[in-house]
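Here's a quick walk through a protein with its ligand in place.

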Amino acid sequence: MPTETNPTWWKEMSVYQIWPRSFADGNNDGIGDLHGVLEKLDYIKALGVDAIWFSPLYPSPNRDYGYDCADYKGIHPEYGDLELFKRVLDGAHARGMKVIMDLVINHTSDEHEWFKLSKEQPDSQYHDYYYWRKGRKPGGKKPPNNWLSVFEGKAWEYNKDLDEYYLHVFAKGQPDLNMSNPKVREEVKSILRFWLEMGVDGFREDVITYIAKREGLPNGFPLPIGTGLEHYTSLPAVKDYLREFKEVLDEYGAFTVGEAPMMTPKLAKEYITDEAGNLLSLMFHFQHMEADCFLIDWVGLPFSLKKLKKAFSTWQREMAGVGWNALYMENHDHPRIVNRYGSLKYREASAKMLAASYILQSGTPFVYQGQEIGMTNTKLDRLDQFKDVITFNNYNLFKKLGFSEERFVKLANRRSRENARTPVQWSGGRNGGFSEAEPWFPVNPNYPEINVEAAEADANSILHWYRALLQFRKENPLVIYGSYQEHYKSSRSLFVYSREYEGKKLLVICAFGDKPVQFCAPKGFDLTQGRQVLGNYAPPETQSNCFVTRPWECRVYLWE
Ligand code: NOJ
């Protein structure tokens, strides 16, 4: 595979994602905030990352915890204010870290001023900021089309006063913006300028491939979930809009990563290559997150390493020399990876192995808060302890399939994204050191064992492993710019890949599973001649070219 020839700062960086509500509570009201972030900047820097991506910090009624934005140019009072944000921004910059904001422009909150005006003053320009439509029958008896919301029942909500419906592809409190309206696009550009002028370095663009809707909003192919998707996913106009936004972004040399459900490498090339005009720097696809489920986390399947490897290697191959990968295994939308692709019994070994399995690939790695200490899924006992709109929507769906509340809670403990939203476990102290006050969401009961303080004190911890990995990546252009090659392709328990660059070679050996597996170095790689640079077990006294793996073992060898 060709070697990367076009170095850029965002290809070299690694990123830490903060979901602010659960990161660190600096003012002790039980909710994470920017005071907490300010206190933890040194910790984040010490991890070895070069940027922070903030999930939404904007004022929001929190129906989707910030992904329902009520003011794009403000900071949620629960998190602080613009002045405090500026201090965080300056603090990050002073430490050599960039700051990336979440940009949620497919929809606003229903409490955003624009939406309120669109409803209260239907003759104003704001009415056309959204998709207000007459129903197919009067009086709210039949919505304008058959689309289903991704989060809550039908995609249309009826307003009696107007005798019109508004479109919400996500929750009812998240009305879709009408991006075909040039005035809306002007608003977006003004939002971009606002943050870029302040010094922000880029944006993570929420469900960016959904921002264009098919003209006429025709009925979708009827499906049990997702009806209408074909009429609002990756339509050609998305690119026109991105091209327009890019003019502003380019003035500031800003970075962008677009979140893109159902994205394929072929389609991604229409956005993130030179040929496509680099409409986005990177794209978050989901294919490697589907190795233990069918399309969505809630439809669970047994973990398939082959599926995972196929997704990894396909993207590595397809992006080589033309695009650039966004590498991640966790974020605020998925259960914890150790529970999914690793092992609780071998938590430390598997968390480390999983980290090396993706961070040393070609691309820009992202690490989600708590991932670096191997946080795991939580255990809630009752439905009323959950908070997320998706959990409740799924409860309604699973109830129809005959699930009792008790059975559903067990499922949610495995499959809900809320597992990633428990407060970060900073210490073994009260509330895991997250807050002096009762946290807004229960701390995972395993905090006395799994926490940052304990990890700092243990030289063999997952935290130190992440630091070593990110440091190694930073010091070795081979990891950033080298070519990628997969080995042992048909193995159901080994994921092995190599990287090559300017005469240097790297081999990453990842054993998925408790069972010992015989491994022999692939042709062209002599372990006795290489140097083992990383390993989650003590290295052998003498290296040989073959060895039997230990549970969830990972070894990395370098030839230079
Ligand atoms: C993707 C975000 O990551 C997720 O958290 C959110 O619920 C949806 N987009 C809707 O904005």
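Start with His332: an N or O atom in its side chain lies 2.8 Å from an oxygen atom of the ligand. Keep in mind that this is a predicted model, and the distances come from its coordinates. How much of the ligand does the protein bury? On its own the ligand would expose 290 Å², and the protein covers 97% of that area.

Two other side chains make this kind of contact. For Asp206, an N or O atom of the side chain is 2.7 Å from a ligand oxygen. For His107, the distance from a side-chain N or O atom to an oxygen of the ligand is 3.0 Å.

## The shell and the pocket

As for the space the ligand takes up, that's the largest pocket.

## The whole protein

On the secondary-structure side, you get 16 helices and 20 strands. The radius of gyration comes out at 24 Å, close to the 24 Å from the globule rule for 560 residues, so the protein is as compact as a globular protein of that length.

If you're setting up a box, the C-alpha atoms fill one of roughly 80 × 50 × 50 Å along the principal axes.

Definitions and conventions:
Residues are numbered from 1 along each chain as its sequence is written. This is a predicted model: local features need pLDDT of at least 70, side-chain atom pairs count only at pLDDT 80 or more; totals for chains, interfaces and linings use all residues. Side-chain values use heavy atoms; hydrogens and water are left out. A polar contact is a pair of N or O atoms within 3.5 Å; within protein, one must be able to donate a hydrogen and the other to accept it, and residues adjacent in sequence count only if both atoms are side-chain atoms. Accessible areas come from the Shrake-Rupley method with a 1.4 Å probe; for residues, only the protein chains shown count as cover. On a 1 Å grid over the protein atoms alone, a cavity is a set of points where a 1.4 Å probe fits but cannot get out, and a pocket is an open set with protein on both sides within 12 Å along at least five of seven lines; lining residues have an atom within 4 Å of a point. A molecule sits in a cavity or pocket if more than half of its atoms lie within 2 Å of its grid points. Helices (H or I, at least four residues) and strands (E, at least two) are DSSP runs, numbered from the N terminus. The radius of gyration is taken over C-alpha atoms; the globule rule is 2.2 Å times the number of residues to the power 0.38.
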